[in-house]
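Here are my notes for you to go through with the model open.

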Amino acid sequence: MRSAALALGLLALAACGPVPVEVAERQCAEPARMATGPTGEVSLGVSSDGRTTRPVARTEITVSSDYLLGRDPHKIYELCVFDRSGQPPTRPLVL
């Protein structure tokens, strides 16, 4: 029983291990881009139920805490890749 628990614990730790640097670069690019500024979407349209027509509007804005704190997107990318893979990035962040 104890060896099964130990094996399960080791398996869980292995899942948290480093990922290949290419995978880390893909995973870290979006959080770094989010630090460059707010992103959003505005949708305008018209809806009708056959009898009445009404305007429809939707707005969505996303702001990351890294942007609000003024953090450098390139540093965020570099640190994220290193934290996840244990290696520095092999490709620069393209904004």
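Is Tyr67 buried, partly exposed or exposed?

1. Tyr67 is partly exposed, at 34% relative accessible area; that class lies between buried (under 20%) and exposed (over 50%), using a 1.4 Å probe and protein chains only. Tyr67 sits in helix H3, residues 65-68. Helices here are DSSP runs of H or I with at least four residues, strands are runs of E with at least two, and both are numbered from the N terminus.

2. Before going on: this is a predicted model, with local features needing pLDDT of at least 70 and side-chain atom pairs 80 or more, while totals for chains, interfaces and linings use all residues. Residues are numbered from 1 along each chain as its sequence is written, and side-chain values use heavy atoms, leaving out hydrogens and water.

3. Now the other end of the scale. Ser85 is in helix H4 (residues 73-85) and counts as buried, with 7% relative accessibility. Its side chain makes polar contacts (N or O pairs within 3.5 Å, one able to donate a hydrogen and the other to accept it; for residues adjacent in sequence, only side-chain atoms count). One goes to the backbone oxygen of Val81 at 2.8 Å, and another to the backbone nitrogen of Gln87 at 3.1 Å.

4. Leaving aside residues up to four places away in sequence, Ser85 touches Pro18, Val19, Pro20, Val21 and Ala24; contact means heavy atoms within 4.5 Å.

5. As for the whole protein chain, four helices and two strands run α-α-β-β-α-α from the N terminus. Of its 95 residues, 19% count as buried.
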